[in-house]
Amino acid sequence: YGWHADKMFEAWDFNAEDYPLFEPDAWKDKIYTEYNRLLEAAPNEGTRIHALIETAIVNDVWPEDQHDWEIVDGAVRDSFELIPDGWQEETLASVELGYGGTVDRYTKVDEGRVLDYKTTDKIGERWDNLRLWDSHYMQLAAYRQLIGRPNARCWIDYLSTSFPGKRKLIEAPQDKLDEGWEKFQALQKVWCVFNNYNPGGN
């Protein structure tokens, strides 16, 4: 069921007198079921929103649903403000580097720029405390190497699904991106050893 779900149930002060028709184990099962449903739904929702953004930018076809339209509108505004002329949602791969990925939006002009969207349903303090993590730095660092711009500026654009149109744009510091690249390479090396894979075939 997952460590987080266990902790969530433990933190809930269950009082059987308040819920005479349900046993604690039954409520625990309900909590676990909902927790797993949310875990499965999150990446699907992110994929769906990404597709809507790409369709709006590439084909100028916008969502009919107002909720989706506002999310997409915010993302498109940020996209063109940061990268007026660039490539959208492009899957890239490098035999030499030994990996590939789908970059949400980027440009090779000058030093280059990379933008990645992240959907989130966080509200209140959890929204206020949104930040970038090592996984973001590694992802962005790998992307900018992939587009051939190792010093590109990079951003994560958090898109709220709870309050459509609300977003938080965070630029990754260059030193964190450099660290992220070192960490990515270290993890990639371990993966290559375990999978007997030699990037570039050399």
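**Ground rules.** I am working from a predicted model, where local features need pLDDT of at least 70, side-chain atom pairs count only at pLDDT 80 or more, and totals for chains, interfaces and linings use all residues. Residues are numbered from 1 along each chain as its sequence is written, and side-chain values use heavy atoms, with hydrogens and water left out.

**The sheet.** I looked up the strand order first. The order is β1-β2-β3-β4-β5 in an open sheet of 5 strands with mixed pairing; strands are DSSP runs of E, at least two residues, and helices are runs of H or I, at least four, numbered from the N terminus. Pairing here needs at least two DSSP bridges between two strands. β1 and β5 (167-171) are the edge strands, each pairing on one side only. Neighbouring strands are turned by 35 degrees against each other on average, direction ignored. For axes I use lines fitted to C-alpha atoms, for helices over the stretch in contact, with angles from 0 to 180 degrees between N-to-C directions.

I find β1 (residues 87-94) and β2 (residues 99-107) running antiparallel, joined by 7 bridges. The hairpin has 4 residues between the strands, and G98 takes a positive phi near 85 degrees.

**What does Q188 touch?** I checked its contacts beyond four places in sequence (heavy atoms within 4.5 Å): they are L97, G98 and Y99. Q188 sits in helix α6 (residues 174-194). A polar atom of the Q188 side chain lies 3.5 Å from the backbone oxygen of G98. Q188 counts as buried because its relative accessibility is 16%; the cut-offs are under 20% for buried, over 50% for exposed and partly exposed in between, with a 1.4 Å probe and protein chains only.

**Hairpin β4-β5.** I count 5 bridges between β4 and β5, in the antiparallel sense. D157 has L169 as its bridge partner in β5. There are 6 residues between the strands, and G165 in the turn has a positive phi of about 100 degrees.

I see α3 (residues 66-82) lying across β2, β3, β4 and β5, at about 165 degrees to β4.

**Helix α5.** I checked the span of α5 (residues 134-146): its 13 residues reach 18 Å from first C-alpha to last, close to the 18 Å expected at 1.5 Å a residue. The expected span is 1.5 Å times one less than the number of residues. Its buried residues include H136, Y137, M138 and L140, and the buried set packs against β1, β2, β3 (113-120), β4 (153-160) and α6. G148 follows α5 with a positive phi, near 80 degrees.

**At what angle do α5 and α6 pack?** I get about 85 degrees, with the axes 7 Å apart. The two helices are therefore roughly perpendicular to each other, a label that covers 65 to 115 degrees. Among the contact residues are Y137, M138 and A141 of α5 and W181, F184 and L187 of α6.

Terms used. Polar contact = N/O pair within 3.5 Å; in protein donor to acceptor, adjacent residues only side chain to side chain. Parallel < 35°, antiparallel > 145°, perpendicular 65-115°, else oblique.
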